[in-house]
Amino acid sequence: MSGAELLVQALVDEGVTHIFGYPGGAVLHIYDALFKQDKIEHVLVRHEQAAGHMADAYSRVTGRTGVVLATSGPGVTNTVTAIATAFMDSIPMVVLAGQVPSTLIGDDAFQECDMVGISRPVVKHSFVVRNPADIPTIIKKAFFIASTGRPGPVVVDIPKDMTNPADKFDYFMPESVCLRSYQPTSKGHSGQIKKAVDLLLSAKRPVLYSGGGVVQGDASDELRELANLLNLPVTNTLMGLGAYPATGEQFVGMLGMHGTYEANMTMHHADVILAVGARFDDRVTNNVKKFCPNATIIHIDIDPTSISKTITAHIPIVGDVKPVLTEMVAQIKATGKRLDEAALADWWKQINEWRKRHGLRYNDDTDAEIHAIMPQRVVETLYKLTDGKAIITSDVGQHQMFAALYYKYDEPRQWLNSGGLGTMGVGLPYAMAAKLACPEKTVVCITGEGSIQMNIQELSTCLQYNLPVKILNLNNAQLGMVKQWQDMLYEGRHAQSYMKSLPDFVKLAESYGHKGVKITNPATMEEELKAALEMDGLVFIDVYVDKSEHVYPMQVAGQSMRDMWLSKGERT
Amino acid sequence: MAQVQKHLISVLMENEAGSLSRVVGLFSQRGYNIDTLNVAATEDPTLSRLTLTTITTADKIEQITKQLHKLIEVVKVQNLSEVSNGSQIERELMLIKVRATGAHREEVYRTADIFRAQIVDVSPNLYTILITGDAGKLDGFIEVIGRDKILEVVRSGVIGIARGERTLSL
């Protein structure tokens, strides 16, 4: 086989069914090899950034490693934002990067670029192919590294001469690979788990703080079992939404900068925090010096560098969350002990008091004469109309927080979002990949007019592959979150937060061969939204929402978890 | 303010193109400073040993060693200052070019002798001296010679090894 054929066969053997990419000179041998087979479907995007985001989302939805293929130079540099996005959220991804022939490397050849160098800070690892016969082994290693331990993106740089059809090699794919320098811990230390169980069972005011690691580690069932067994209050990070059902009685909501009042109060007043697959991100902790002053912290994480990086863990447990939680549950059951019932009852009484403050309330008057459409109500209506069952993707900004707070996610992998890097433009490619992976599900991209324009060219890809996603544009004709900060922190000076030249999104969608619907009236919003969701094909739903609305709650910068704005002018 | 001190870190890693840049990249990317850095293959040509010194706090050094260990090609990491309680064997090599004329020529010669340094090149006006030792000894030599007499200095940076039975190997 040629190097290109070795590559394709290795991908087939790794179970790859979809590749997201864009052709170019350096990868044409590979495209020719892809053309001659039918096991792997290639999805042609309009910009390589979208290919990266689609591969990332494909992984977020299916749990399998996503694959990107791009040509050398500008092709592959266009994927860097997507690689960084996947890196920050620990998403397994393999990027096949075309490179100029090895004889030209270092000569500033046409479309030459040191992709391994450029991507180094945002990959888990990278490989350069130096011998075509090694390609299957390198692919095996790349997938192994991407998907094990703390998952992440891996770049494989492939010089064009490594895939030359004239050079033939035998196919050898190792059954498994063992790297002496890479042996991730999976099972947590039993002694540490015992200490954690003892501490947890002695807690008076416990809280379970779970993050994206629970979703990535497929440990949602174990988390639910532990939470239910001990009747613990549960809060999720943005990345962890769905790991514990949002409609569950023990769920106190998302925590952090735009977390619920009850979640942040529960964290601040807790005596024991069980952090599972969460990394104490600065969007969660606010000021680390004022973070949860009374709490003893148990921290379960696959990545030792995440433990005690910003907040010191009293009981660190390094391991995959799934086996660690399984062992915790088994140990708790073996002891037959439960938390102090009276203390726990008092704790829940206190939490229910906090819940009464209704931090998520908003002015939902539907009178069109007085009010514009409230964005929160649009998301709540979407939740109702989709029966809470849709896969929701979102971009970054105010609409993202409305989507996180007002749609209730009951299942993991139902909510796809760029939590770590905060990448505008992911929403549409995420929705496209989700629809490809789960064609039977309703997929809605909740976006804003700023974010959607960052990858709007992918409407063309949607037409080519018939991807009937629904795009719900919460259109406030401005960069809403930027404007909110300018309102709150810069005395209302709206430097460059206006989008003064917005397209007619309905016509734009139509020009790409899709349908578009414009919604402006709060009184009829629900029925119009319902009709739009019931239409066949891709529908661009452009909802004109209240321009002055802010996202609340919001933590007061530099303070503790509990210092929050609950509405304009109202502090905790 | 947390106390800062010098740490000597040894890293055993795969001898592959790109390994060193990943280690160095990790330091710059995360805002840690490297004071000295040394790397060469070991007796096993597939392995390189890297030694670096950095001045930082105990918290930071823990994070640095964990981050180093996370790199895929890093096989082992050891904080020599920690495992040896500061009694590790450290050596640095320095080549120093010193003006040596008149009465001063004899004095430089004697000083080199006292420090057990070697004169490795001679010209009518200068000596080039090779000296090894820990960093403190090398600093001392520079002080004694006198900065105004020094024309050029090149130092290798520190290498180190633990005392006694303890080894860093596979």
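**How chain B meets chain A**

Colleague: How many residue pairs are in polar contact between chain B and chain A?

Modeller: This is a predicted model, and the count takes in pairs with both residues at pLDDT 80 or more. Between chain B and chain A, the number of residue pairs in polar contact is 11.

Colleague: Which element gives the largest share of the side of chain B that touches chain A?

Modeller: Three elements of chain B, α1 (19-29), α2 (58-70) and β4 (74-79), each supply at least two residues of the side that touches chain A. The largest share is four residues, and they come from α2(B).

Colleague: By class, how many charged residues does that side of chain B have?

Modeller: The side of chain B that touches chain A has seven nonpolar and five polar residues. The charged residues on that side number six.

Colleague: What area is buried between the two chains, and which three residues of chain B supply 45% of what chain B buries?

Modeller: Chain B puts 18 residues in contact with 17 residues of chain A. The area buried between them is about 1500 Å², with carbon and sulfur atoms giving 48% of that. On the chain B side, 45% of the buried area, more than from any other three residues, comes from Arg22(B), Lys66(B) and Ile72(B).

Colleague: Which residue of chain A meets Glu14(B) in a salt bridge?

Modeller: Side chains of opposite charge can pair when their charged atoms come close. Two salt bridges are counted between chain B and chain A. In one of them, at 2.9 Å from N to O, the side chain of Glu14(B) meets that of Arg180(A).

Colleague: Is Glu14(B) buried or exposed?

Modeller: The cut-off for buried is under 20% relative accessible area. Arg180(A) has 31%, so Arg180(A) is partly exposed. Glu14(B) has 12% relative accessibility, so Glu14(B) counts as buried.

Colleague: Arg22(B) also has a salt bridge; which residue is its partner, and how many residues apart are they?

Modeller: At 2.8 Å from N to O, the side chain of Arg22(B) meets the side chain of Glu73(B).

Colleague: What relative accessibility does Glu73(B) have?

Modeller: Arg22(B) counts as buried because its relative accessibility is 9%. Glu73(B) counts as buried too, and its relative accessibility is 4%.

Methods. Residues are numbered from 1 along each chain as its sequence is written. Chains are lettered from A and ligands numbered from 1 in the order in which they are written. This is a predicted model: local features need pLDDT of at least 70, side-chain atom pairs count only at pLDDT 80 or more; totals for chains, interfaces and linings use all residues. Side-chain values use heavy atoms; hydrogens and water are left out. Contact means heavy atoms within 4.5 Å. Buried area is the accessible area (1.4 Å probe) that two parts lose on being put together, summed over both. A salt bridge is a side-chain nitrogen of Lys or Arg within 4 Å of a carboxyl oxygen of Asp or Glu. A polar contact is a pair of N or O atoms within 3.5 Å; within protein, one must be able to donate a hydrogen and the other to accept it, and residues adjacent in sequence count only if both atoms are side-chain atoms. Ala, Val, Leu, Ile, Met, Phe, Trp, Tyr, Cys and Pro count as nonpolar, Asp, Glu, Lys and Arg as charged, and the others, Gly among them, as polar. Buried means under 20% relative accessible area, exposed over 50%, partly exposed in between (1.4 Å probe, protein chains only).
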